[in-house]
Amino acid sequence: MKKVIVTGGAGYIGSHTCVALVEAGYSPVVVDNFCASDPGVLARVRELTGRELSVHQVDCRDRAALARVFEAEAPVHGVIHFAAHKCVGVSVREPREYYDNNIGSLLALLWVLERSPVPGLVFSSSCTVYGQPEQLPVTEASPIKRAESPYGRTKQICESLLQDVVASGSALRAVTLRYFNPIGAHPSGRLGELPLGTPQTLVPYITQTAAGLRDELVVFGNDYPTPDGTCVRDYLHVCDLASAHVAALEWLERQAAGALHEVFNVGTGRGVSVLEAIRAFEDVTGVRVRHRFGPRRSGDAAAVYAGVEKAQRELGWRACLGIREAMRHAWIWQRGLGSEPREIGRAR
Ligand code: UD1
């Protein structure tokens, strides 16, 4: 079976992608330092897939350790690189840590790949690279604007790094996936998002408020130029996002020989407002979410949703699940977590 190294494989998107890889006939090899994830998640991946999982506790910045993983697991068919810090707010307070970890880990990986090339690398990026978009939907051709945070800049720099390495004559074959807003959980309720401390993103805040762990949700702004005044985003079920990684690996396999770096948006193509998201949750669960309107959050764009034609055409991938399924699964996951917010690793 083809081995795929999954850095950050114990994380939210990484763990769902491991399941999707097994279902597609690949053999995931997890590389994770567990700084923001729980190794117990991997036992759940094993349980869901019924398969053993090779796991290496390694910090991806450690080039020598990473090289040893590639040697031990050879031949490696592909790499999916998730391992990175992702909290916008923390990145503002700890830019050195964000630049060091997010750029350092990709750099180390690229050095290792130069010595042990693999047929394909899939890099985890974000729609945050578009900054405040001027036109909707946001397509891959939309301009890359100044990012709103150090976190966003690390993603822009990583994408440029991939582009420059390909232009340098390296054999690198890479796909960058720009995720819009991943939400939801595995339908079994066995995998999902484990926010560190107070959730910064909308859906974990909704589920924790519904579970009584938070008093109320503050909706950041209701005076945006959108139909109901609240911000519009493209919420994507994490299982759909996981399958986009499999589609990206398969796309790489189909491409003619030679170095390449191609970028794809991964979203649903549909915009949903904060109020619509809350209503979708309340509808499918029958549980009310206490909320009130508060001031705008700095850096938030009024509306962002993806142009998804390129992913549909090239990858043959499209989102199959909607916000209602995502909310239903997020709630199953939240109820399985019990009554205490989970604190894992450091909030980075
Ligand atoms: C998030 C991430 C960003 C990532 C992007 C795409 C953060 C802060 N932002 O952006 O790094 O690149 O997804 O995956 O982690 N909202 C509330 N109340 C809340 C929380 C959120 O009203 O308590 C609103 C926000 O103002 C926004 C919407 O909900 O309009 C979605 O917010 P969030 O889930 O944080 O996602 P993004 O900011 O779009």
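Hi everyone, let me start with charge. In this chain, the mean positions of the 38 positive and 37 negative charges are 1 Å apart. Please keep in mind that we are looking at a predicted model.

Now for the overall build. The chain has 11 helices and 13 strands. Its radius of gyration is 19 Å, close to the 20 Å that the globule rule gives for 348 residues, so the chain is as compact as a globular protein of that length. Along the principal axes, the C-alpha atoms fill a box of roughly 55 × 45 × 40 Å.

How much of the chain is buried? Of the 348 residues, 57% are. The accessible surface comes to about 14,800 Å², and carbon and sulfur atoms account for 50% of that. If you take contacts between residues at least 6 apart in sequence, 80% of them join residues at least 24 apart.

Back to the charges, this time in pairs. A search of the whole structure finds 17 salt bridges. One of them joins Glu216 and Arg290, with the closest N and O atoms 3.9 Å apart. This pair links distant parts of the chain, 74 residues apart: Glu216 lies in the loop between helix H7 and strand S8, and Arg290 in the loop between helix H9 and strand S13. Glu216 counts as partly exposed, at 21% relative accessibility.

Next, have a look at Arg297 and Asp300, whose side chains meet in a salt bridge at 3.2 Å, N to O. Here Arg297 is partly exposed at 40%, whereas Asp300 is buried, with a relative accessible area of 17%.

Finally, there is a network of salt bridges linking Asp59, Arg61 and Asp100.

Conventions
Residues are numbered from 1 along each chain as its sequence is written. This is a predicted model: local features need pLDDT of at least 70, side-chain atom pairs count only at pLDDT 80 or more; totals for chains, interfaces and linings use all residues. Side-chain values use heavy atoms; hydrogens and water are left out. Helices (H or I, at least four residues) and strands (E, at least two) are DSSP runs, numbered from the N terminus. The radius of gyration is taken over C-alpha atoms; the globule rule is 2.2 Å times the number of residues to the power 0.38. Buried means under 20% relative accessible area, exposed over 50%, partly exposed in between (1.4 Å probe, protein chains only). Contact means heavy atoms within 4.5 Å. Accessible areas come from the Shrake-Rupley method with a 1.4 Å probe; for residues, only the protein chains shown count as cover. Lys and Arg count as positive and Asp and Glu as negative; His and the chain ends are not counted. The place of a charge is taken as NZ of Lys, CZ of Arg, CG of Asp or CD of Glu. A salt bridge is a side-chain nitrogen of Lys or Arg within 4 Å of a carboxyl oxygen of Asp or Glu.
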